[in-house]
Amino acid sequence: MTAPALTSAQLSALLDILTHQQTLHEFTSLKYPGRTSCSGPPFKPGPDTPKQRPSPALNYMFRELALSLPGFRDAPEEVWSVQVQGLLERLAEQDLSDSYDKGLLGKRKILGQGVVVVAEYALRGVLGGLPRSSSSPSFSTRSGPSRTPSPKPEPTDRTPYDPEDPDDVLRAWDDFLQSLVWGDGAEDLVAWVSKTDKLEELPSLYRASHQYAAATLASFLHYMLTLSPCAHSTLSLIERVHGLLPYGLVAQAARVANAATMVSGVLKIFLSRGLLGALGFGSGQNLMQQIISSVLEKDKSNLIKQTKALESSASGPCGTPEQRAAILKYVEEASREERMEIRRQSAEQEKSIVAIILLLKSAPPTESETDHTNLLAYLSLHLAIRDRSRLLTALTSTTPDLLSEGVRAAMKAFEPLIRRLHKAVDLSAALRDLQSFLDDMLAVAKRREGPKSYLALFGRHQGDLHRFLHTLAKNSPEMRKAYLGWYRHCLPLYRQNSPPSSSSPSDDAAQGGAGDLSPDLLALFGALDADTQAAVREELDTHAEYMERAARESREKMRVLLAPGGKEEEGTQVGPGVFLKTWQDMIDKNPITPSTSSGPVRYGADTTVVRASARAVEDDEPPSSSPPSTPMRPTVEGGRPSAPRTIDALRESFEGLLVDRCLPRGNGR
C-alpha cells in the first residue's frame, strides 16, 4: 500500500514538531536517576542503575558532533562513563525543585529550555539534512578527502555581497551554509584566516556571513541577559563568578615558556587543596570548589535572611507553626513521586500547591490570601535554600570528587592540543582580551538596551578574536589539520542526500520537507487511521503557516538590526532568530502554581510570574543592576501552535525510529 502523501510544507512541519518534542523529552528526562547511564554509549548502566529508556537524539549528536572533536575523542572512556556520568547521576539524585512549586521561573528551567532549542535545530539538521540549492553560486568542491588549502588564497567572489546591505547579508549566509556543507567552504575559510586577521581583507561572502553570525549571537545575548525572565539572576551569577576567577594568576601561569609546566601550574591554581587542606584542616576545598561554594553559600545566606524577615514581617505572621512545619516537611522529606503527585493534584483541583500540601499534611488551611501569599513565599525560599544545599553536597563535599577528577582527566586528554596552542599564541594576552570582553558585556547588559548594543559590543572586540584565530591558524598547522578533519567529519552529516519530497512541482518553498527522513515520516503517518490522519494534517497545516510566518518575521528583524545607522529597537523587542521565538514560547507555557489558594494554574506569560521571576530570589538587597519595578516583557506575536493529536499519535513511534537510526546496534529498547 502506498503511503498517503504529505506536502513538503507538512513534512517540514511534522519534523519540526517531533524533533522539538523529542529533544525536550530527552533533555528534561536527565533529571531522573538512571537516564544518563541508559542514554547510550559512552555512558554505561550499572547493575543497580534504575532502568530508563535511551536518549537516541541527544546521544547521536553527542557521539557524532562532540566526541569527534580533537581532545574529546582522545579522552579515556572512564572520563565519560565514570566522572561525567557519575556527576550527572549525582545531580539527578538531588531532586532539585521545580518552577511550579516556587511560583516563579528559575535559571535552570529557562536556560535548560534554551539548550533544548539549540539542540533541536542541530538534530533537525543531521536528520533531514540541508538540500543542495540550485540557486546558489557554484562553489568548487574537491573530489579528494583532503587537500592542504593554499596559504595564499586569492579572492574568487563570483557573486559579490555587500556586508552593509541586509538583503545581501541574508543571501550570503544561505550561500555560506551551502559552501560549508556541499563545497570546500571550511578549507577555504581556514586558509583565509591563516592569511590575514583583517576582516575587511576577506572575500565579501565571508564578511557578510560574519555580519549575520554576529547579529544572531547579539540577538541571543540580548534575549538571555536583557529580556528573559531570569536575565537579572543570570547576569548576577555571571558577574559574581567573573569577579572570583583568578585571571591574574592564570595569565601569569600562561606566560611560562614550558607548556607542560604551564598546564601543571593552571591545574594547581584550580585543583590544589594546599598544605592545610591536604592535612585535613580548614575546608579542604580546592579553588574551583571554593568558587562554587562562595556563590552558593552567599545565596543561602541571603535566602535565610529573607526567610527570617518573612517570618517577622510587619504585614502579618507567615502562617501558623503547624502550617510552616507542613511546608518544611514537604521541602525536606517528600519523595520525587510525592512531589509529582502533589503537583498533579494542584493542577487538577485548581488549588495552589500550598493548599494541597496543607491538606495532605493535615495542617489547617490559610485564613486569608495574605497568609497564603506569605506561605507560598516561605515555600519558595526554603526550596531555594534546599537546592543550594543539595548542589553544594553534590559538587563540593561528596566523595569521590568527580568534578575535580573529571577536570584533571580532561586536561590530560587535551594536553597535546594545549601544548600546540601555547606554542602558537600568547595565551596570557588572549586571557586579558577575554576578561576585557566580559567586563564590557556585563556593562552593556546592565544598560538594558536593544540587540544593536550587543552587535556594537562585538564590533569593539572582534579584532581580538580575529587576531587570536589568525595567529593560531598560521602558527599551528597541526591544530589546523586536526580541526579541518573534524569539519570534514561533521559537515557531511548535514547533507540532504535524497531528492526533495514534494507532492507538487510548485512546492519548492518548503526546501525538501523532512529531507532524508521524509520516507520514514510518511511511513509513520501512513500507519495512522483515517480520522487521526485528518486531525494531524490539520495541525500540520497550522504549524506550517506558523513556521513560514516566523521565518518571515525573523528575516525582517534581521534587516532592521543590520540596517546601517538604523534606530535601536525598543529594549523589549525580541531580535531575529526563529529559535528565540520558540524559546520564548516554551517559557510562556511553563505551568506555575496558582497564586491564590484556589484558582487556575498560571503560566510563564502571566504578569505575576514575570514579575516574580524578574528579581533573583537569592538577592539580599537589589544591586545597582537590579531590574526596574516594571520588568521587561519580551514582545513576541503569534505563539507556536500546539499539536496534541500529532504528538499523541506519533511521538512514541518517532522515538522508536530514532532508536533504530541513531543508536549503535545493541543499545535499543
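Start with the lining of the second largest pocket: by class, 22 of its residues are nonpolar, with no polar and no charged ones. Here nonpolar means Ala, Val, Leu, Ile, Met, Phe, Trp, Tyr, Cys or Pro, charged means Asp, Glu, Lys or Arg, and the others, Gly among them, are polar. You are looking at a predicted model, where local features need pLDDT of at least 70 and side-chain atom pairs count only at pLDDT 80 or more, while totals for chains, interfaces and linings use all residues. Residues are numbered from 1 along each chain as its sequence is written, and side-chain values use heavy atoms, leaving out hydrogens and water.

Next, select Val 250, Val 266, Met 411, Leu 427 and Leu 431, the lining residues nearest the pocket's centre. The space there is about 740 Å³. (On a 1 Å grid over the protein atoms alone, a pocket is an open set of points with protein on both sides within 12 Å along at least five of seven lines; a cavity is a set where a 1.4 Å probe fits but cannot get out; lining residues have an atom within 4 Å of a point.)

Now colour helix H11 (259–271), which gives the most to this pocket's lining, with five residues.

Then move to the second largest cavity, with about 90 Å³ of space. Select Glu 553, Lys 557, Gly 575, Gly 577 and Lys 581, which lie nearest its centre among eleven lining residues. Five of the lining residues are nonpolar, three polar and three charged.

Finish on helix H23 (530–562), which gives the most to the cavity lining, with four residues. (Helices are DSSP runs of H or I, at least four residues, numbered from the N terminus.)

Notes: Points joined across faces, edges and corners; volume = space filled by probe spheres on them. Helix = DSSP H or I, 4+ residues; strand = E, 2+ residues; numbered from the N terminus.
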